[in-house]
Amino acid sequence: MRISRLGTGVIALAAATALVLTGCSAGGTAAGNSNIISANGSEPQNPLIPTNTNETGGGKIIDSVFAGLVYYDAVGAPVNEVAKAITTTDNTTYKIELNDGWKFTNGEKVTAQSFVDAWQYGALLSNAQLNSYFFDVIEGFSYDVDQPLTGLTVQDDLNFTVKLTSAQSDFPLRLGYTAFFPLPKVAYDDIAAFGENPIGNGPYKLAEAGAWKHNVDINLIANSEYTGGRKPVNGGVKFVFYASLDAAYADLVSENLDVLDAIPDSAMKSYAADLGDRAVNQPAAIFQSFTIGENLPHFSGAEGQLRRQALSLAINRDEITNVIFDGTRTPARDFTSPVIDGWSGSLDGSDVLDFNATKSKELWAQANAIAPWTGSFQIAYNADGGHQPWVDAVTNSIKNTLGIEASGAPFPTFKELRTLITNRTVTTAFRTGWQADYPALANFLEPLYQTKAGANDGDYSNPAVDALFLKGNEATSLADANKAFQDAQVIMLKDLPAVPLWYANVNGGSSTLVSDVVFGWNSVPLYYSIMKK
Amino acid sequence: MFGYILRRLLQAIPVFFGTTFLIYFMVFAMPGDPVVALFGQHGVNEAVAAQLRAQYHLDQPFIIQYFIYIGGIFRGDFGVSFSGQPVSEILLSTFPVTLRLATIALFLEMVLGITIGLISGLRKGKLFDSSTLVVSLILISLPIFVIAFVAQLVIGINLGWVRPTVSGTAPWNELILPGIVLATVSVAYIIRLTRESVIETRGQDFVRTAYSKGLTSGRIVRVHILRNSLIPVVTFLAVDFGVLMVGATVTEGIFNIPGVGRTLYQAIIRGEGPTVVSFVTVMVIIYLVVNLLTDLLYAALDPRIRYGK
């Protein structure tokens with residue numbers, strides 16, 4: 001039995017391999033209905049509960065599975081969905097009337113109570129929902145103790161009122177955001193199980209229990225009982241979760257993926273040629289900037305204002321957006337986004353966003369006369385988000401114009417940078433970006449620059465700006481509201497709490513197997529209108 | 001033999017505790033607060049953040065967190081990811097995928113590496129040998145992501161022979177291309193290892209004795225040269241199997257394979273302690289088992305090696 005020794009060796013090695021083979025693969029699922037489109041997604045960070053989903057991976061799915069009071073059309077205008085009418089006389093008390101006949105996919109009727117209960121759940125402190133702050137304008141909301149929202153009153157199955165703590169002219173605009181979706185009663189029995197297999201009233205529903213295959217994909221099919229304005233023209237959507245955009249792009253060009261809503265850096269130069277008229281490049285509701293904290297040495301008071309303006313004037317935005325981003329960013333003209341109603345590219349003082357080396361040096365010299373500049377100027381960024389090229393370009397632009405030391409300060413992860421910023425222990429300027437939750441000027445401004453607002457990372461505070469925000473909220477017409485928010489920005493263009501850089505474009509594309517691909521105001525394709533050929 | 005295996009298994013216990021403790025500490029010591037990151041661009045709602053910290057025991061001191069976690073493992077509870085999925089489910093869905101990938105890669109490495117290495121060693125200095133050396137040098141110096149991207153572009157996209165990425169269930173046939181990519185670098189090492197080892201063994205006295213006894217050259221190569229040359233190769237293969245089970249992050253990312261490397265990388269980025277530590281724990285167990293089997297394999301290959309009494 002000499003030979004068999006080698007034989008046993010091979011068998012043992014094979015056994016080493018087989019020993020850890022537990023379970024084996026899940027059975028292959030058939031591609032099924034060919035009328036189903038595939039789109040890129042990413043593993044939702046949280047269970048699929050509307051009030052706990054604040055990122056796009058889960059947001060795309062929630063928006064497809066649920067229908068709220070309103071939805072946003074391609075340009076971001078709100079269209080009534082479950083709501084029949086939303087009315088107010090003072091921007092503080094809103095009367096909401098629902099359409100009759102809406103049902104969840106488990107057969108339960110969608111009533112005023114479905115909304116009110118869901119909002120109560122989302123707002124309650126001990127439920128620890130990430131979107132709870134969306135309800136903080138409703139009477140009874142508390143960040144400190146468990147208490148119900150007293151501002152919600154149900155009249156009957158189809159009517160309820162919402163009482164806010166202050167005037168909010170854009171409240172109806174917010175109602176299309178995921179946080180305001182209704183929930184069926186079964187959700188509260190076991191919210192964790194519901195988050196795995198959500199039951200909604202939207203244009204799509206989960207193909208079956210367990211349709212969410214973690215880290216792999218989720219299968220949605222059209223909800224035949226849906227009666228709103230987002231009636232799907234396809235049979236369903238399969239969201240495939242990609243770890244890298246490169247892999248997603250490879251699938252798109254080989255026709256294994258129908259719709260892609262982002263383009264990897266490696267294909268930025270070639271995707272327009274690769275995809276032809278199937279390529280998409282349009283402005284998005286994403287604003288990018290760097291923020292200089294109010295307490296940073298040399299950046300407060302009159303000296304600070306001069307230095308902020310000098311830095312802004314020292315950045316050649318046109319060149320950077322063309323060279324670094326191949327024209328897939330649009331140089332900023334304000335603090336919001338061109339896709340939002342009320343945006344203006346010619347606010348007073350927006351010339352501070354133009355490249356002007358002479359004026360930049362002049363203002364920097366004036367600031368030096370107040371107090372001489374020391375140290376170096378740095379912009380902190382997270383190295384896991386592909387920010388290095390533009391940070392280097394911006395700091396180089398500053399260095400070359402002003403002749404001061406300027407560089408990027410990388411932190412390994414988003415998590416680490418956010419922790420430093422949240423704890424106010426960051427000692428440099430830092431990159432900031434904002435993607436709107438709902439299409440309103442206010443959403444780009446109040447959370448970021450109102451005194452003590454949640455995302456006011458730089459601790460900016462200007463009573464004149466706060467007053468204009470208030471005026472905008474109390475305005476009874478959208479035009480008046482927009483005017484107030486524009487006026488506030490005129491002041492901010494002098495103060496520059498954050499230095500506006502550019503608006504991100506949405507870059508994407510589709511395969512030859514689908515048509516009618518339209519991207520919405522929030523850079524997410526309108527999946528329901530995509531036709532499978 | 002049995003006593004030896006028992007001893008080795010007992011030795012594995014402190015290794016298990018030591019590694020899980022170290023890894024847990026490292027995840028704990030990573031800068032940044034994962035709960036803060038969950039809020040993204042929005043300001044942190046402190047009350048909600050406190051609730052979440054309590055839910056994931058992040059508000060406890062390190063040592064208590066560790067014991068809560070270890071206690072859970074012994075009850076079969078590996079914790080829960082931020083998206084609400086039990087980590088044990090993630091383990092069960094990802095390890096088989098990576099195992100299939102590793103098996104394909106390892107199989108290719110063994111067959112190609114040992115065969116080519118053996119022929120090279122037997123024909124030292126001939127054309128086949130020299131060209132093998134050049135090709136293996138090229139393979140060793142190419143970073144794996146270059147090979148992966150080129151393979152994906154040429155075979156997956158331009159030629160369209162296979163899908164450029166792997167679909168959700170990661171069936172065997174779709175894993176062949178990533179498996180080949182994974183195997184390339186190791187194949188080159190195994191060729192060189194086998195070749196060196198074969199050349200050395202050929203010069204040994206027992207080989208010359210075998211020749212002078214008049215054994216057929218086929219039998220000499222199979223039984224005397226190859227078997228005695230395999231010990232360093234088997235050691236390398238065992239280590240490589242461990243590496244393949246844990247280290248295919250780059251390849252899994254490029255081909256979008258829902259395996260261990262990709263999942264672990266995302267868990268590290270998100271700071272999901274339970275997921276990271278559970279993965280590493282399973283990896284440690286795999287390493288220990290593979291190492292034990294390798295040592296037993298030595299005895300099978302070389303009769304002079306004996307374990308126990």
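In this predicted model, the centres of domain 1 and domain 2 of chain B, taken over C-alpha atoms, lie 32 Å apart. Domain 1 of chain B covers residues 2-74, and domain 2 of chain B covers residues 87-301.

At the boundary within chain B, 15 residues of domain 1 are in contact with 17 residues of domain 2. Together, domain 1 and domain 2 of chain B bury about 1,300 Å² between them, and carbon and sulfur atoms give 81% of that area. Of the area that domain 1 of chain B buries against domain 2 of chain B, 33% is supplied by B:R8, B:V27 and B:Y69, more than by any other three residues.

Polar interactions also cross this boundary. One salt bridge is found between domain 1 and domain 2 of chain B. B:R8 and B:D295 form a salt bridge in which the closest N and O atoms are 2.4 Å apart. The two domains of chain B also share two residue pairs in polar contact, with both residues of each pair at pLDDT 80 or more. On the side of domain 1 of chain B that touches domain 2 of chain B, helix α1 (residues 2-29) of chain B gives the most, with twelve residues. By residue type, that side of domain 1 of chain B comprises twelve nonpolar residues, two polar residues and one charged residue.

Seen as a whole, chain B has 13 helices and zero strands. The C-alpha atoms of chain B fill a box of roughly 85 × 60 × 30 Å along the principal axes. Chain B has 309 residues, of which 49% count as buried. Among contacts in chain B between residues at least 6 apart in sequence, 75% join residues that are at least 24 apart.

The next interface is the one between the two chains. Chain A contributes 66 residues to this contact, and chain B contributes 67 residues. About 5,500 Å² is buried between chain A and chain B, with 63% of that area on carbon and sulfur atoms. One salt bridge is found across the interface of chain A and chain B. The side chains of A:D251 and B:R163 meet in a salt bridge with an N to O distance of 3.4 Å. Six residue pairs in polar contact, both residues at pLDDT 80 or more, are also found across the interface of chain A and chain B.

Several elements of chain A give two or more residues to the side that touches chain B, namely α1 (3-19), β11 (236-241), α7 (245-253), α13 (414-422) and β17 (429-435) of chain A. Helix α1(A) gives the most to this side of chain A, with ten residues. The side of chain A that touches chain B divides into 29 nonpolar, 25 polar and twelve charged residues.

One residue of chain B that touches chain A is B:L52, which is found in helix α3 (residues 46-55) of chain B. B:L52 counts as buried because its relative accessibility is 8%, below the 20% cut-off. Beyond residues up to four places away in sequence, B:L52 touches A:A128 and A:L130 as well as B:V35 and B:L38. The C-alpha atoms of B:L52 and B:F82, which are 30 residues apart along the chain, are separated by 9.7 Å.

Within chain A, A:A167 is found in the loop between β7 (159-163) and α4 (171-174) of chain A. A:A167 counts as buried because its relative accessibility is 11%. Although A:A167 and A:N91 are 76 residues apart along the chain, their C-alpha atoms are separated by 4.8 Å. Leaving aside neighbours within four places in sequence, A:A167 is in contact with A:D90, A:N91, A:T92, A:N473 and A:E474.

One of these contacts, A:N473, is in helix α15 (residues 463-474) of chain A. A:N473 counts as buried because its relative accessibility is 4%. With neighbours within four places in sequence left aside, A:N473 is in contact with A:N91, A:A167, A:Q168, A:S169, A:E446 and A:F485.

Key. Residues numbered from 1 in each chain as written. Chains lettered and ligands numbered in written order. Predicted model: local features only at pLDDT ≥ 70, side-chain atom pairs only at ≥ 80, totals over all residues. Heavy atoms only, no water. Helix = DSSP H or I, 4+ residues; strand = E, 2+ residues; numbered from the N terminus. Buried < 20%, exposed > 50% of the residue type's maximum accessible area, 1.4 Å probe, protein only. Contact = heavy atoms within 4.5 Å. Domains from an automatic or database assignment. Buried area = accessible area lost by both parts, 1.4 Å probe. Salt bridge = Lys/Arg side-chain N within 4 Å of Asp/Glu carboxyl O. Polar contact = N/O pair within 3.5 Å; in protein donor to acceptor, adjacent residues only side chain to side chain. Nonpolar A, V, L, I, M, F, W, Y, C, P; charged D, E, K, R; others polar.
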